[in-house]
Amino acid sequence: MQPITPSSGGANAQPQVAFQRQELGLIMGLYGRMVAAGEWRDYGMSFLRDMAVFSVFRRTAEYPIYRIEKRPKLRLRQGQYSVVAMDGQVLKRGDDLRAVLRVLERKLIRSVD
């Protein structure tokens, strides 16, 4: 009996989209800075057939305030990475994850009186 792999056509063998180690490093670096600033408290990850999602929460038992999505099928169109707000509005989209995440880093910049 051979193991079920995506190429062997098993019932649960659908390939999943996931974040690469470098992508996760960028996301977790931002997450750590936002936790230290007291803005974010929890996160969740979902790996689906057509997209990977990193959800950010202010509190554990509520809707995510932001979703960082990776959709490889959009790579040649709008870009495979996007940041989506709680209301579903796409804040930034593109092919460079670092540039897309900058929209969230601006939340750390505050004026000091």
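The questions below concern a nonpolar surface patch and the aromatic pairs of a predicted model.

Reader: Which strand gives the most residues to the nonpolar patch?
Author: The patch is made by M28, Y43, M45 and F47 and covers about 310 Å². M45 has its place in strand 1. With 3 residues, the element that gives the most is strand 1 (residues 42–47).

Reader: Is M45 buried, partly exposed or exposed?
Author: Partly exposed residues lie between the cut-offs of under 20% for buried and over 50% for exposed. The relative accessibility of M45 is 34%, so M45 is partly exposed.

Reader: Are the rings of Y31 and Y43 stacked or edge-to-face?
Author: The model holds 6 aromatic pairs. In one of them, Y31 and Y43 have ring centres 5.0 Å apart. Y31 lies in helix 1 (residues 21–36) and Y43 in strand 1, 12 residues apart. Planes over 60 degrees apart count as edge-to-face, and the planes here stand at 75°, so the pair is edge-to-face.

Reader: How are the rings of Y43 and F54 arranged, stacked or edge-to-face?
Author: Y43 in strand 1 and F54 in strand 2 (residues 52–57) are 11 residues apart, and their pair links distant parts of the chain. The ring centres are 5.0 Å apart and the planes are at 10°. Planes under 30 degrees apart count as stacked, so the pair of Y43 and F54 is stacked.

Reader: Which residues form one aromatic cluster?
Author: Y31 is buried at 10% relative accessible area, and F54 is buried at 0%. Y43 is partly exposed at 32%. The cluster is formed by Y31, W40, Y43, F54 and Y66.

Note on methods:
Residues numbered from 1 in each chain as written. Predicted model: local features only at pLDDT ≥ 70, side-chain atom pairs only at ≥ 80, totals over all residues. Heavy atoms only, no water. Patch = residues over 30% accessible without salt bridge, like charges linked within 9 Å, V, L, I, M, F, W, Y side chains within 5 Å. Areas by Shrake-Rupley, 256 points an atom, 1.4 Å probe, with all protein chains shown as cover. Salt bridge = Lys/Arg side-chain N within 4 Å of Asp/Glu carboxyl O. Helix = DSSP H or I, 4+ residues; strand = E, 2+ residues; numbered from the N terminus. Buried < 20%, exposed > 50% of the residue type's maximum accessible area, 1.4 Å probe, protein only. Phe/Tyr/Trp six-rings, centres within 6.5 Å; stacked < 30°, edge-to-face > 60°.
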